[in-house]
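Here are my notes on the model you passed along. Please read them beside the coordinates.

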Amino acid sequence: MTSDTAAAPPAITRTRIDVSGMTCAACVGRVERTLNKIAGVQSASVNLATETAQIDYQVDAVRPSALLAAIEKAGYGARIRDDTNAPPTTGSPPIDRDLIAVIIALALAAPLALPMLAAPFGFDAMLPGIWQLALATPVQFMLGARFYRAGWRAARAFEGNMDLLVAIGTSAAWGLSAWTLWAHRGHEHPHLYFEASSVVIALVLLGKWLELRARRSTAAAIRALTALRPDQARVEVDGREIELPLGLVRVGDRVIVRPGERIAVDGQVEAGRSHVDESMLTGESVPVACGPGDRVTGGSINGDGALTVRTTAIGPATVLARIIELVEAAQANKAPIQRLVDRVSSVFVPVVLVLALLTLLGWGFTQGNWTEAALHAVAVLVIACPCALGLATPAAIMAGTGIAARHGILIKDAQALELAHRVQVVAFDKTGTLTVSEPHLIACEVAAGVDPNRMLALAAAAQSGSEHPLARAVRASADQAPGNTEPLPVVLETRAVAGRGVIAQIRADGSNDPSLTVLIGNAGLMGEHAIDLAALSAAASAHAAAGRTVSYVALADSAHAGRGQALGLLAFGDVLRPGAAQAIAALRAQGLRTVLISGDNAGAAQAVGRELGLDEIHAGVLPEQKAQLIAALRGSPPQRVVAMVGDGINDAPALAAADVGIAMGSGTDVAMHASGITLMRGDPRLVAAALDISRRTHARIRQNLFWAFFYNAIGIPAAIAGALDPVIAGAAMALSSVSVVGNALLLKRWRPLAQTDLPSVGVPAAEASTSSSPQRNAVKA
């Protein structure tokens with residue numbers, strides 16, 4: 001029996017779980033294996049630095065409670081992450097129990113360690129054996145209980161972790177000392193090693209506490225973004241203002257925002273004018289002016305004016321929530337290099353246990369001194385540090401993605417971060433990426449004897465009722481024209497001519513007679529009214545060759561139909577985004593090849609390409625061809641790594657096809673979903689900054705992995721050779737974890753590449769001469 005319709009694919013959802021109790025890369029591997037064994041789980045990725053598990057699973061096959069139960073059965077704490085509420089920001093800080101444990105451990109270990117340090121200088125202050133036992137025992141079995149619990153869970157599952165190594169090593173030192181004390185109870189000063197077990201535990205506890213503090217610091221960007229969510233919103237209900245918890249606000253509610261307050265929701269301004277500070281969301285330090293009709297983003301700070309905002313998005317649909325989700329997803333994902341580290345870590349602990357056993361047997365049988373053999377084996381167990389390996393990559397990724405987010409660069413996944421540092425070719429879309437989306441009036445060419453301001457005023461008046469982009473550009477230029485303080489002429493009637501332009505009747509010089517008929521349009525409209533364009537042909541050809549749109553302005557003589565006067569022409573074209581030239585120059589200075597891929601005509605694309613100095617220009621490219629062109633830019637093996645920068649729906653195939661897709665935040669959601677990196681500001685200079693933070697983050701990853709392997713590669717052989725005391729081994733192990741996290745934190749000092757001051761308006765792309773023809777007089781828009 002067959003079905004007429006194919007079975008629908010299973011619904012997949014993603015959840016994040018906070019996992020407590022993990023201490024090293026071996027713990028990460030254990031939790032991942034546990035989750036991936038559950039039927040219906042598609043993938044599970046565990047991050048030691050954030051202590052989170054990200055799981056994709058089939059909704060119908062897996063319950064969240066089953067995920068929690070599996071993690072808890074593996075010996076770790078687990079709870080579903082709740083992103084709906086911001087962490088508390090008031091009240092007293094919680095008691096730092098880890099710090100208290102560190103202080104007590106150091107206080108108890110100090111009387112054991114200090115006499116040992118003073119002995120080489122002739123000071124004999126060693127405590128009696130029974131006192132040493134009294135000080136070492138609570139450190140070993142009370143403060144060190146966490147190592148026994150976690151080590152037992154790992155051993156029971158036939159797996160190893162850092163806790164198991166510490167528990168075995170320090171227990172061996174404590175047990176050897178306790179046996180020696182009992183066996184030599186008649187002697188006054190037997191040689192004991194209580195200081196080794198106690199100091200190792202104290203140092204490991206100190207190292208874990210410092211590591212935890214550093215890990216919290218790497219997550220500062222997420223906490224800062226989360227703190228932007230206000231707890232309350234002031235909602236207008238039946239003419240009254242009511243304070244409501246943010247969770248009760250609904251789409252369509254009118255929210256009142258007073259001066260200086262943080263905007264609670266995404267919405268559209270209905271009343272009021274102000275300036276809004278969006279620096280924490282976009283990295284843009286200059287407040288943005290807003291008024292009725294403008295959109296505002298929840299989490300930004302209102303300036304000096306009161307606003308009434310109509311809610312358009314709440315909860316996870318807000319821009320802030322999506323930013324937090326993207327950054328958390330990037331920090332939860334594993335970089336490709338981390339997968340290699342995980343494979344090494346999975347066999348690390350068993351190998352160390354075997355090496356420690358061989359060290360014990362080798363020294364015991366060859367030297368006959370089993371006490372010394374046990375100490376060397378303890379040193380091998382203690383120096384081994386899988387936690388440094390587990391933290392090397394995620395700590396750097398957390399710090400890099402966090403500081404990038406604070407500067408308006410959202411890196412959505414670790415793979416994009418790792419690939420971006422190897423980019424060799426950067427391809428750009430033109431409109432909306434290197435140029436602003438709206439056309440601008442580039443030049444106003446006038447015929448001989450024509451006042452350019454008057455012609456521009458007539459053109460603006462004739463199009464005063466139109467919302468066509470070219471009409472808006474004319475009106476904006478008329479408003480900004482120097483010396484033009486007179487109001488626009490009165491328009492009595494307008495008529496649009498399909499495919500040709502506009503004909504307007506305009507009152508002339510205050511007269512009641514509509515004596516002026518203004519024509520604005522293409523050459524076809526001018527031809528229909530017998531307008532002679534010979535004097536403007538050269539200028540029109542030059543602008544057309546540059547890829548600009550040309551509209552003619554003329555007066556038709558209503559009294560003598562068929563005869564009129566050409567006043568001039570208007571040339572519309574692309575305006576470069578502020579910073580576009582600097583962006584291309586910065587990329588070329590880094591040795592990268594820059595390419596323009598545009599669906600626009602060849603003239604417009606060539607004009608922008610020449611102005612910016614791009615290496616390669618492709619015009620008239622269809623959306624499906626853009627993806628093919630990206631593949632061609634890679635070339636044959638060895639392939640080049642290609643980044644694509646775009647903003648529109650038509651760029652989505654190319655963004656997905658590129659090794660690294662970079663979407664402008666001012667573009668469409670489709671483009672941002674198809675990309676690995678999103679620039680929250682429409683500033684092309686952030687492209688170079690995104691590649692720069694990628695390089696620096698990857699450099700930190702390499703440095704961290706070097707130091708993590710270096711500690712073990714040097715320390716373990718030294719311990720096997722008997723050249724390393726257990727106390728020194730414990731200090732080195734603690735230092736290894738702290739050093740890799742501390743090295744990652746240096747990324748917090750990163751700032752985007754230096755940017756010089758730029759004008760607040762766009763620069764015309766490949767700006768042609770603004771002279772008139774034949775009269776050399778023009779208005780520059």
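1. Basis. This is a predicted model; local features need pLDDT of at least 70, side-chain atom pairs count only at pLDDT 80 or more, and totals for chains, interfaces and linings use all residues. Residues are numbered from 1 along each chain as its sequence is written, and side-chain values use heavy atoms, with hydrogens and water left out.

2. The six-stranded sheet. The order is β6-β5-β7-β13-β8-β11, in an open sheet with antiparallel pairing. Strands are DSSP runs of E of at least two residues, helices are runs of H or I of at least four residues, and both are numbered from the N terminus. Two strands pair if DSSP finds at least two bridges between them. The edges are β6 (240-245) and β11 (295-296), and each pairs on one side only. Strand β8 (residues 266-271) joins β11 through two bridges, in the antiparallel sense. Look at Q268: its bridge partner in β11 is R295.

3. E270 and R254 form a salt bridge, with the closest N and O atoms 2.4 Å apart. The cut-off is a side-chain nitrogen of Lys or Arg within 4 Å of a carboxyl oxygen of Asp or Glu. E270 lies in strand β8 and R254 in strand β7 (residues 254-257), so the pair ties together parts 16 residues apart in sequence. E270 is partly exposed at 34% relative accessibility. R254 is also partly exposed, at 24%. On this scale buried means under 20% relative accessible area, exposed over 50%, and partly exposed in between (1.4 Å probe, protein chains only).

4. Strand β1 and its partners. β1 (residues 12-20) runs antiparallel to β3 (residues 52-58), joined by seven bridges. I17 stands opposite A53 there. β1 also pairs with β4 (residues 77-80), antiparallel, over four bridges. V19 has A78 as its bridge partner in β4.

5. A charged contact between β1 and β4. Which side chain meets D18 in a salt bridge? R79 does, at 3.5 Å from N to O. R79 lies in β4 and D18 in β1, so the pair ties together parts 61 residues apart in sequence. D18 is buried, with a relative accessible area of 15%.

6. D429 and K626 meet through their side chains at 3.3 Å, N to O. The pair links distant parts of the chain, 197 residues apart: D429 sits in the loop between β15 (425-428) and β16 (440-446), and K626 in helix α21 (residues 623-634). Buried or exposed? D429 is buried, with a relative accessible area of 5%. K626 is buried too, at 0%.

7. Salt bridges overall. The structure holds 16 of them. R234, E241, E243, R258 and E261 are linked in a network.

8. Aromatic pairs. There are eight. Rings of Phe, Tyr and Trp (its six-membered ring) pair if their centres lie within 6.5 Å; planes under 30 degrees apart count as stacked, over 60 as edge-to-face and the rest as tilted. F141 and Y148 are stacked, because their ring centres are 5.8 Å apart and their planes are at 20°. F141 is partly exposed at 39% relative accessible area, and Y148 is partly exposed at 27%. F365 and W370 are edge-to-face, with centres 5.1 Å apart and planes at 80°. F365 is exposed at 64%, while W370 is partly exposed at 40%. F141, Y148, W174 and F194 form one aromatic cluster.

9. Helix α5. Its twelve residues (145-156) should span 16 Å at 1.5 Å a residue, and the end C-alpha atoms are 16 Å apart, which agrees. The expected span is 1.5 Å times one less than the number of residues. The buried residues of α5 are A145, F147, A150, G151 and A154. F158 follows α5 and has a positive phi, near 60°.

10. Cysteines. How many disulfides are there? The count is zero, where a disulfide is a pair of cysteine sulfur atoms within 2.5 Å. C27 is buried at 1% relative accessible area. C290 is buried at 7%.
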